[in-house]
Amino acid sequence: VTQSAANTTSGTVRLADFNFSGTAASGTAEGIQITVPSATDAAVDVVRGAVVVQDGALTLTSGAFTMTSGSATLTSGNLTLTAGDVTLTNGQISHTNTSDEDVVTVVANTVAAQQVATLTFNGLTTGDGLLLVTTDAGLTTGNYFRVNDGADVFVIEDEGATTIAGSASGTDAFTITNGDIL
């Protein structure tokens with residue numbers, strides 16, 4: 001579909017309007033299928049405007065989703081990545097949660113000889129490598145930090161109270177190789 005003349009009307013102008021109703025006789029019903037001869041050809045190229053999916057799904061089974069500028073917005077629902085990686089270069093992740101629920105959950109039950117999480121910050125000079133912030137009045141029976149392998153083995157509680165389970169009486173539970181305790 002090609003529009004060669006300039007649009008001089010106001011309101012919504014559709015170059016193509018497809019309305020599908022009824023059900024498919026067999027198989028999966030498809031509204032529009034676009035097949036291109038080469039992987040380098042663009043099947044859908046949106047120069048200005050937007051691709052809007054209402055009451056449906058946008059599925060990419062292989063290939064790549066590339067966005068060179070702008071933003072991707074998900075106002076409700078889920079973003080699911082079944083297999084693959086998420087890489088963010090020169091950006092930040094900001095998350096605000098207003099519900100009483102677990103916010104970040106990482107399940108890495110098959111990691112055996114690698115790290116589950118690594119923070120590298122070689123340029124840090126006056127900031128904090130990891131900052132945990134809460135109001136003291138808000139923390140009642142919770143903890144700032146807790147390591148649990150079926151039982152609590154290391155806990156940092158309110159006001160910095162620290163509990164180390166240790167392995168057995170007469171064994172070292174806390175070792176300082178250099179420095180003092182003040």
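Figure 1. Over 4 bridges, strand E1 (residues 145-148) pairs with strand E2 (residues 152-156) in the antiparallel sense. The model shown here and in the other figures is predicted. Asn-148 has Asp-152 of E2 standing opposite. At Phe-145, the bridge partner in E2 is Ile-156. The two strands, E1 and E2, form a hairpin, and 3 residues lie between them. Gly-150 belongs to this turn and has a positive phi of about 110 degrees.

**Figure 2. The salt bridge between Arg-146 and Asp-152.** How many salt bridges does the structure hold? The count is 1. The partners are Arg-146 and Asp-152, with their closest N and O atoms 2.8 Å apart. A salt bridge requires the nitrogen to lie within 4 Å of the carboxyl oxygen, and the 2.8 Å between Arg-146 and Asp-152 is the distance to set against that cut-off. Asp-152 has a relative accessible area of 38% and is therefore partly exposed. Asp-152 is also the residue of E2 that stands opposite Asn-148.

**Figure 3. The aromatic pair of Phe-145 and Phe-154.** The structure holds 1 aromatic pair. The ring centres of Phe-145 and Phe-154 are 6.1 Å apart and the ring planes are at 70 degrees, so the pair is edge-to-face. For this class the angle between the planes has to be over 60 degrees.

**Figure 4. The hairpin of E2 and E3.** Strand E3 (residues 162-164) is joined to E2 by 3 bridges, and the two strands run antiparallel. Within this pairing, Thr-163 of E3 stands opposite Val-155. E2 and E3 form a hairpin with 5 residues between them.

Figure 5. What is the phi of Glu-159? The angle is positive, about 65 degrees, although Glu-159 is not a glycine. Glu-159 counts as exposed because its relative accessibility is 62%, and the limit for exposed is over 50%. Gly-160 has a relative accessible area of 40% and is partly exposed. Where Gly-160 and Tyr-144 are concerned, 16 residues separate them in sequence, and their C-alpha atoms are 8.2 Å apart in space.

**Figure 6. The second largest pocket.** This pocket has a volume of about 510 Å³. Which residues line the second largest pocket? Ala-117, Leu-119, Leu-130, Leu-131 and Leu-132 are among them. The lining also includes Asn-143, Tyr-144, Phe-145, Arg-146 and Asn-148. By type, the lining divides into 7 nonpolar, 2 polar and 1 charged.

**Figure 7. Asn-90 in the segment before E1.** Asn-90 is found in the segment before E1. Its phi is positive, near 55 degrees, and Asn-90 is a residue other than glycine. Asn-90 is exposed, since its relative accessible area is 81%.

**Figure 8. Ser-167 in the segment after E3.** Ser-167 is placed in the segment after E3. With a relative accessibility of 66%, Ser-167 counts as exposed. Ser-167 is 14 residues from Val-153 in sequence, and the distance between them in space is 9.0 Å, C-alpha to C-alpha.

**Figure 9. The chain as a whole.** The protein chain has 0 helices and 3 strands. Along the sequence, the chain reads as β-β-β. What share of the 182 residues is buried? Buried residues make up 1% of the protein chain.

Technical notes. Residues numbered from 1 in each chain as written. Predicted model: local features only at pLDDT ≥ 70, side-chain atom pairs only at ≥ 80, totals over all residues. Heavy atoms only, no water. Salt bridge = Lys/Arg side-chain N within 4 Å of Asp/Glu carboxyl O. Buried < 20%, exposed > 50% of the residue type's maximum accessible area, 1.4 Å probe, protein only. Pairing = 2+ DSSP bridges. Phe/Tyr/Trp six-rings, centres within 6.5 Å; stacked < 30°, edge-to-face > 60°. 1 Å grid on protein atoms, 1.4 Å probe; cavity = no way out; pocket = protein on both sides within 12 Å on 5 of 7 lines; lining within 4 Å. Points joined across faces, edges and corners; volume = space filled by probe spheres on them. Nonpolar A, V, L, I, M, F, W, Y, C, P; charged D, E, K, R; others polar.
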